[in-house]
Amino acid sequence: ESLRLWLKEAEIPYKNRKKRPHRQWRERRAHCGSLVQMDGSHHDWFEGRGPQCVLMAYIDDASGEACGRFFEYEGTVPAMESFKRYVLKYGLPVAVYADKHMTYQSPKEPTVEEQLEGTKPMSQFERSLKELGVGMINAHSPQAKGRIERLFGTLQDRLVKEMRLAGINQIKEANPFLETYWPRFNEQFSVLPSHQTDMHRPAPSLAQLDKTLCIRTQRTLRNDCTMSYENKLYQIKDNLRTKKVIVEERL
């Protein structure tokens, strides 16, 4: 503080300390399915006995009921596959709360056309949620989605020990174990929401989910009715009167 005052008297610029951001406690949502927090936890889940992996987990903001599955990495395909499993079990939530990982929020700058339309670039996962009518909320800090962060803290202590006692060393053993673990976990830690009405909407058909939860890319159709995708040429057998085609890479 003395140094700061001396510099101020000498009119020498001095960088002020950033103010601590004000955080306000947020009450739980009243209804199940109105908000679901999701994230991926990178942790040594097998304590060196097996490969590194990521737990893609979901927790309902109202009830604290959790579910999740292990994947080799955190990315678009694991996010879509885990969300598909969530929807088939519970239904479509009103909104999903996630961080600003590039899987959940596109890092691209908006194009001129998007600026004129008042839209922004969307990641493949964002686009899928929009087509399903599910809102996406991106948290600005880990504290904003503290419920799932605390869930990971609990699991990194308790789940790790349970898998060690069960002799689980790899993903293909861990995921079947989770199917029996989550009911026990939720029975102990979940709470009753303040309102009993469930806001989940019925899950769409499997065909609709597969068509929506996919990686969709636009490609140019050549004069010989071929297109290039991931360093491979594909021949289109139909005579399409178009220059652009959409490729869907499904789960």
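This report walks through an aromatic cluster, a strand hairpin and the surroundings of one asparagine.

## Ground rules

The model is predicted, so local features need pLDDT of at least 70 and side-chain atom pairs count only at pLDDT 80 or more, while totals for chains, interfaces and linings use all residues. Residues are numbered from 1 along each chain as its sequence is written, and side-chain values use heavy atoms, with hydrogens and water left out.

Let's start with the rings. A pair of aromatic rings is described by the distance of the centres and the angle of the planes. Here, rings of Phe, Tyr and Trp (its six-membered ring) pair if their centres lie within 6.5 Å; planes under 30 degrees apart count as stacked, over 60 as edge-to-face and the rest as tilted. The structure holds 12 aromatic pairs. One of them joins Tyr-58 and Phe-83 in a tilted arrangement, 6.4 Å centre to centre with 40° between the planes. Tyr-58 lies in strand E2 (residues 53-60) and Phe-83 in helix H2 (residues 76-90), so this pair ties together parts that are 25 residues apart in sequence. Helices (H or I, at least four residues) and strands (E, at least two) are DSSP runs, numbered from the N terminus.

Phe-83 also pairs with Phe-125: the ring centres are 6.0 Å apart and the planes are at 85°, so the pair is edge-to-face. Because Phe-125 lies in helix H4 (residues 124-132) and Phe-83 in helix H2, parts that are 42 residues apart in sequence are tied together. Tyr-58 and Phe-83 are both buried, where buried means under 20% relative accessible area, exposed over 50% and partly exposed in between (1.4 Å probe, protein chains only). The relative accessible area is 0% for Phe-83, and Phe-125 is likewise buried at 0%. One aromatic cluster is formed by Tyr-58, Phe-83, Tyr-86, Tyr-90, Tyr-104 and Phe-125.

Strands E7 (residues 226-229) and E8 (residues 232-235) pair in the antiparallel sense over 4 bridges; pairing requires at least two DSSP bridges between two strands. Thr-226 has Gln-235 in E8 as its bridge partner. The two strands form a hairpin with 2 residues between them, and Glu-230 in the turn has a positive phi of about 50°.

## Asn-138 and its neighbours

Asn-138 is found in strand E5 (residues 135-138) and is buried, with a relative accessible area of 14%. Its side chain has a polar atom 3.1 Å from the backbone oxygen of Asp-99. Not counting residues up to four places away in sequence, Asn-138 touches residues including Tyr-97, Lys-120 and Glu-126, with contact meaning heavy atoms within 4.5 Å.

Note on methods
A polar contact is a pair of N or O atoms within 3.5 Å; within protein, one must be able to donate a hydrogen and the other to accept it, and residues adjacent in sequence count only if both atoms are side-chain atoms.
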